[in-house]
Protein chains: 2
Amino acid sequence: MRVLLVEDDVILGEAIRDSVAAHGHGVDWVKRLDEAGLSLDTVAYDLVLLDLNLPDGFGLKFLKELRGKGSDVPVIIVTAQDQIGVRIEGLDSGADDYLVKPFDLDELTARLAAVARRYAGQPNPELDVGEARVDLTRKVARIGDKQIELTAREWAVLETLLRHRGAIVSKPDIEDSLYEFGAEVESNAVEVYVSRLRKKLGAKVIETVRGLGYRVAA
Amino acid sequence: MRVLLVEDDVILGEAIRDSVAAHGHGVDWVKRLDEAGLSLDTVAYDLVLLDLNLPDGFGLKFLKELRGKGSDVPVIIVTAQDQIGVRIEGLDSGADDYLVKPFDLDELTARLAAVARRYAGQPNPELDVGEARVDLTRKVARIGDKQIELTAREWAVLETLLRHRGAIVSKPDIEDSLYEFGAEVESNAVEVYVSRLRKKLGAKVIETVRGLGYRVAA
DNA sequence: TTTGCCACGTCAGTTTGCTGTCAGCTTGAT
DNA sequence: ATCAAGCTGACAGCAAACTGACGTGGCAAA
């Protein structure tokens with residue numbers, strides 16, 4: 001399951017991201033509403049965790065506009081405002097649920113599980129990636145009948161590339177999806193993982209765009 | 001097949017009764033535990049559907065007493081309490097299966113069909129798990145002729161893994177199936193249960209995917 | 001009540017294999 | 001031809017996972 005986290009607080013954001021990731025879901029973390037809009041336009045998310053107190057705008061307005069555009073992605077509002085009026089307004093604006101800070105992370109994973117249950121009812125989307133077929137949800141990859149084993153980091157890189165399938169993904173972007181914010185990458189780790197993925201999935205699946213990044217053909 | 005339905009909610013009770021009847025089974029519907037006791041003393045039922053939240057007593061206690069009297073009629077618990085602790089307790093008390101409200105009626109008929117198969121003398125769907133054969137419905141496992149005894153929590157872990165057979169199941173997901181939300185797991189309990197299952201079922205049945213979780217090969 | 005038994009959760013010491021790093025090589029642009 | 005960018009085999013370190021052992025508590029039999 002792929003989750004978009006919209007949260008400007010670094011401490012809380014990290015905690016939420018780690019918790020969600022530990023449950024095996026992919027997490028994209030943005031800190032502003034305009035970034036959120038961009039991500040939502042390009043990626044099909046299964047759930048949005050939306051903080052209402054963001055520096056660059058009003059979350060509720062954003063949520064209303066999102067619904068106005070016809071999106072029905074489940075949205076859980078996360079906020080410090082526990083006033084009942086805001087809560088009502090949030091649900092009126094199209095939120096599916098409401099979490100008031102500070103909240104227990106278990107509280108969050110419980111809601112997450114509820115959404116995941118709904119999501120699990122859908123057939124698993126298997127993607128063709130070169131010779132291989134991959135299932136990002138179940139973390140299963142195979143070429144023909146042969147099962148391919150990918151490690152955690154390899155899945156992370158592949159997922160990032162596939163999420164922007166057809167587009168060029170820069171190395172720093174991949175690093176950001178691999179490590180926490182501010183992590184020092186003093187090496188060519190991304191190149192190494194691309195190399196490992198190619199060895200497992202076939203040399204042609206990941207294309208190098210010299211000076212810009214990598215791309216998986218759509 | 002003759003089914004005893006113990007359910008005080010009229011709406012839900014009617015829905016269940018109609019659904020079961022539509023599948024060609026006979027249904028007796030009682031709304032209190034004392035009635036249920038009476039019916040069980042006089043009629044040989046093939047299956048009991050037991051709501052735990054009844055006005056006149058505790059379903060679990062009733063179930064334990066029933067088992068204490070030597071009855072081995074299959075019992076499926078139907079309840080709104082979706083806390084895992086209750087679920088474990090229910091299975092410990094001698095229930096054969098567990099349905100959490102609100103549930104799909106298809107869900108019910110599927111379990112019903114499993115019981116019906118057993119009733120008809122046909123082999124229950126036994127799963128091959130490595131060297132072992134397990135029957136999740138009857139909670140029976142064996143290797144060759146040798147019966148394997150699994151504890152309640154071992155069954156819970158194995159069931160979770162088999163429900164997602166072929167997919168990688170994260171440790172937090174397994175924990176969620178083991179404990180209620182909010183339960184602090186300050187240890188490596190999941191690892192320990194995996195270890196115990198491997199010792200009983202064979203080392204190769206549960207595969208470790210480092211950093212992601214566990215998997216039972218499809 | 002006492003006794004014994006067993007499932008459960010915890011811990012510590014050990015094992016495992018992923019991960020990040022580097023060095024030397026290849027490739028592509030100019 | 002030259003240089004920068006990218007590729008990949010190898011390897012040590014370390015965090016994740018394994019497992020034997022133990023204390024506790026609940027349940028049942030005596």
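1. By class, the surface near DNA strand C is made up of 10 nonpolar, six polar and eight charged residues. Near means that a heavy atom of the residue lies within 4 Å of the strand. Ala, Val, Leu, Ile, Met, Phe, Trp, Tyr, Cys and Pro count as nonpolar, Asp, Glu, Lys and Arg as charged, and the others, Gly among them, as polar.

2. The model is predicted: local features need pLDDT of at least 70 and side-chain atom pairs count only at pLDDT 80 or more, while totals for chains, interfaces and linings use all residues. Residues are numbered from 1 along each chain as its sequence is written, chains are lettered from A and ligands numbered from 1 in the order in which they are written, and side-chain values use heavy atoms, with hydrogens and water left out.

3. DNA strand C is surrounded by 24 residues, and the closest are A:Thr151, A:Ser187, B:Thr151, B:Arg196 and B:Arg210. Of the atoms of DNA strand C that come within 4 Å of the protein, 64% belong to sugar and phosphate.

4. The side chain of A:Arg210 has an N or O atom 2.9 Å from a base oxygen of DNA strand C. For B:Arg210, the distance from a side-chain N or O atom to a base oxygen of DNA strand C is 2.4 Å. The side chain of B:Arg153 has an N or O atom 3.2 Å from a phosphate oxygen of DNA strand C.

5. In chain A, the strands S8-S9-S10-S11 form, in that order, an open sheet with antiparallel pairing. Strands are DSSP runs (E, at least two residues), numbered from the N terminus, and two of them pair if DSSP finds at least two bridges between them.

Definitions and conventions:
A polar contact is a pair of N or O atoms within 3.5 Å; within protein, one must be able to donate a hydrogen and the other to accept it, and residues adjacent in sequence count only if both atoms are side-chain atoms. Helices (H or I, at least four residues) and strands (E, at least two) are DSSP runs, numbered from the N terminus.
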